[in-house]
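Hi everyone, thanks for making time.

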Amino acid sequence: MALTDGLRDGETVVLKAKISKAAIIADWLCLPAVFLFFFLTVCLPVAIPKYLDAEVQKLVFDAVGIENPDFGDILMNLGIALQIPKFITVGVGVLLGLLVFCWLVWACVKTYLHFGYELVATDKRILVRARGDVLESSWQDVKNVFVGQSVGGRIFRYGNVTVHTVRGALTVKSVTRPNRFKEEFYCRMQNVLI
């Protein structure tokens, strides 16, 4: 049941929080970006010199823009000197498959958790739902509204909104344009004080 289903007669919705799609996409792309960086900086410089002919290496290096593969040569020579057995390379493949599976589960759980939040501001009160906990308070009982944003949140305009009331506090995560709720709170407080 949505929070807007329980509105009183004559009560109108002023603001309704939307969960940021950018935050969901960031959760999905965070780990693959780290793995891609690792692959391009560590694995690829080792694999190219070890498994490709000199002519193919030159073509690959020219296409990618690598001029001096010193770091890869060092790691390749270290790998040859250690004579890594086949079962270790198979184990690394299985480990990578397990990591991809764990990433998929982690991203799905994070996406599911994003939709457990709801924040509605009406002309008379504020309603908050965070993972099953519901907080309902009139504007006079709201002590403060805090906004927290990461660097990515500031760039893509999403953040966390924490509503502190007389009855307690709840945080709604990944709200699109969270400063609107803080501005609405200060507008309501000015009207109450006047």
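Let's start with one term: contact means heavy atoms within 4.5 Å. With that in hand, among contacts in the chain between residues at least 6 apart in sequence, 60% join residues at least 24 apart.

Now a word on where this comes from. It's a predicted model, so local features need pLDDT of at least 70 and side-chain atom pairs count only at pLDDT 80 or more, while totals for chains, interfaces and linings use all residues. Residues are numbered from 1 along each chain as its sequence is written, and side-chain values use heavy atoms, with hydrogens and water left out.

Okay, the overall layout. The chain has six helices and seven strands; helices here are DSSP runs of H or I with at least four residues, strands are runs of E with at least two, and both are numbered from the N terminus. Going along the sequence, you get β-α-α-α-α-β-β-β-β-α-β-β-α.

How much of the chain is buried? Of its 194 residues, 28% count that way. Buried means under 20% relative accessible area, exposed means over 50%, and partly exposed is in between, with a 1.4 Å probe and protein chains only.

Next stop, the second largest pocket. A pocket is defined on a 1 Å grid over the protein atoms alone, as an open set of points where a 1.4 Å probe fits, with protein on both sides within 12 Å along at least five of seven lines; lining residues have an atom within 4 Å of a point. This one holds about 270 Å³ of space, and that volume is the space filled by probe spheres set on the points, with grid points joined across faces, edges and corners.

Which residues lie nearest its centre? Out of 16 lining residues, those are Lys 110, His 114, Asn 160, Lys 173 and Ser 174. Helix 1 (21-51), helix 4 (86-114), strand 6 (158-165) and strand 7 (169-176) each supply at least two residues of the lining.

Ser 174 sits in strand 7, and it counts as buried because its relative accessibility is 6%. Ser 174 also has a positive phi of about 60 degrees, although it is not a glycine. Arg 177 has a positive phi too, near 45 degrees, but its place is the loop between strand 7 and helix 6 (179-193). At 42% relative accessibility, Arg 177 counts as partly exposed.

Over in strand 6 we find Thr 162, buried at a relative accessible area of 17%. The side chains of Thr 162 and Thr 171 are joined by a polar contact of 2.9 Å. That term means a pair of N or O atoms within 3.5 Å; within protein, one must be able to donate a hydrogen and the other to accept it, and residues adjacent in sequence count only if both atoms are side-chain atoms.

Thr 122 is in strand 2 (residues 117-122) and counts as buried, because its relative accessibility is 0%. Leaving aside neighbours within four places in sequence, Thr 122 has contacts that include Leu 7, Trp 139 and Arg 188. Gly 10, found in the segment before strand 1 (13-16), counts as exposed at 61%. Beyond four places in sequence, Gly 10 touches Asp 123 and Lys 124.
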